[in-house]
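Trainee: I would like to go through the labels on this model one by one. Please set each value against its definition.

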Amino acid sequence: MAQDRFKELEALVAVVEGGSFVKAAEILRSSKAAVSRSVVELETRLGARLLHRTTRRLALTEEGRQYYERAKQLLEELEEADGLVSATTRRAVGLLKVNAPLTFGVRHLAPLWSRFLTAHPGVELDVTLSDRVVDLVEEGVDVAIRITRLQDSTLVFRRLASSSVVLCATPRYLELHGTPRSVAELAEHRIIAYSYWAMGNTWSFQGPGGAQSFNFHPRLRANNGDTCVAAALDHQGLIFQPTFLVGQELANGHLVRLLPEWQGPELGIYAVYPTRKHLSGKVRALVDFLADAFALSGDWGAPLPAHAPEKPVL
């Protein structure tokens with residue numbers, strides 16, 4: 001119904017500005033009969049004659065003149081509104097709501113926000129950090145960072161980087177409790193577990209001869225990766241954590257990678273958003289920015305130290 005009324009307004013304005021139904025049909029890329037029908041339906045709906053029609057010319061009635069002026073104004077305002085939204089969609093402007101895992105958000109995203117805001121002064125950022133998986137549509141999130149083995153999804157996503165999950169502990173813990181030489185020997189050790197681990201109380205490895213799994217009962221469980229790492233750095237047990245979280249501690253010798261021949265899963269780091277259709281400029285700008293930033297940072301899945309340094313850092 002609203003679309004029919006819009007066509008009626010367009011037809012009347014085109015007839016007046018074109019001076020004939022033939023010219024109006026050319027303007028609207030329609031037929032003369034369709035334009036004429038729209039004007040007749042408009043007059044019928046209003047119960048008023050808007051045009052004087054003769055074989056030689058068309059002229060507005062007084063009611064028609066008043067209606068034409070208002071109709072033209074409405075169409076111009078609608079075109080202006082369309083242009084405003086279209087321009088806003090193309091530009092990176094407005095409030096941008098971002099969700100990310102807590103540790104990754106603090107360690108790897110927080111240092112980037114100033115650069116992004118400087119590059120896009122029309123954007124306002126609202127960043128929330130949480131390790132739970134949020135519903136983007138229900139919670140009004142524009143972009144979320146997910147670190148997972150993302151497969152089928154109703155969401156649109158772009159891979160930013162990857163991170164391997166590795167088994168590690170401190171040199172001091174290994175000095176006190178021994179170094180495991182096989183997946184089976186993990187049962188002899190204290191385990192520090194991450195609550196949101198997708199496989200629950202099971203760690204899975206790929207290595208010589210295929211796959212092996214280890215089922216555990218943790219000494220400590222936490223829903224935050226930094227808490228797990230802090231406990232491990234206090235020599236409390238083994239952790240199975242992604243390299244984006246423990247890479248620095250492995251590089252400086254505070255942690256040691258164990259069973260390097262047994263590989264943990266590789267996790268993708270993704271920017272996810274609800275839809276690709278009519279993607280806003282602010283979302284496109286952020287996803288492109290993050291892809292560029294992490295491309296320069298390299299892949300957190302790079303080979304890591306597999307043994308303790310000569311002088312352990314305690």
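Trainee: What makes strand E6 (residues 156–169) and E13 a pair?
Mentor: Two strands pair if DSSP finds at least two bridges between them. E6 and E13 are joined by 8 bridges and run antiparallel. Arg159 has Tyr270 in E13 as its bridge partner. Strands here are DSSP runs (E, at least two residues), and helices are runs of H or I with at least four, numbered from the N terminus.

Trainee: Which other strand pairs with E13, and in what sense?
Mentor: Strand E5 (residues 143–148) does, in the antiparallel sense, over 5 bridges. Ala144 stands opposite Val272 of E13.

Trainee: What are the ground rules for these values?
Mentor: The model is predicted, so local features need pLDDT of at least 70 and side-chain atom pairs count only at 80 or more, while totals for chains, interfaces and linings use all residues. Residues are numbered from 1 along each chain as its sequence is written, and side-chain values use heavy atoms, leaving out hydrogens and water.

Trainee: Why is helix H8 (residues 243–251) called largely enclosed?
Mentor: Buried means under 20% relative accessible area, exposed over 50%, partly exposed in between (1.4 Å probe, protein chains only). In H8, 7 of the 9 residues are buried, so the helix is largely enclosed by the rest of the structure. Among the buried ones are Phe244, Leu245 and Glu249. Their cover includes H5, E5, E6 and helix H7 (225–233). Just after H8, Gly253 takes a positive phi of about 85°.

Trainee: How is E13 covered?
Mentor: Mostly: 7 of the 8 residues in E13 (266–273) are buried.

Trainee: Why is Pro274 called partly exposed?
Mentor: Pro274 has 30% relative accessibility, so it counts as partly exposed. Pro274 lies in the loop between E13 and helix H9 (281–297). Its C-alpha is 8.6 Å from that of Phe157, 117 residues apart along the chain.

Trainee: And which label does Leu102 get?
Mentor: Partly exposed, with a relative accessible area of 34%. Leu102 is in helix H5.

Trainee: How confident is the predictor overall, and where is pLDDT below 50?
Mentor: pLDDT is the predictor's confidence in each residue, from 0 to 100. The protein averages 85, and 86% of the residues score at least 70. Over residues 301–314 the pLDDT is below 50. Where pLDDT is low, the predicted coordinates should not be read in detail.

Note on methods. Contact means heavy atoms within 4.5 Å.
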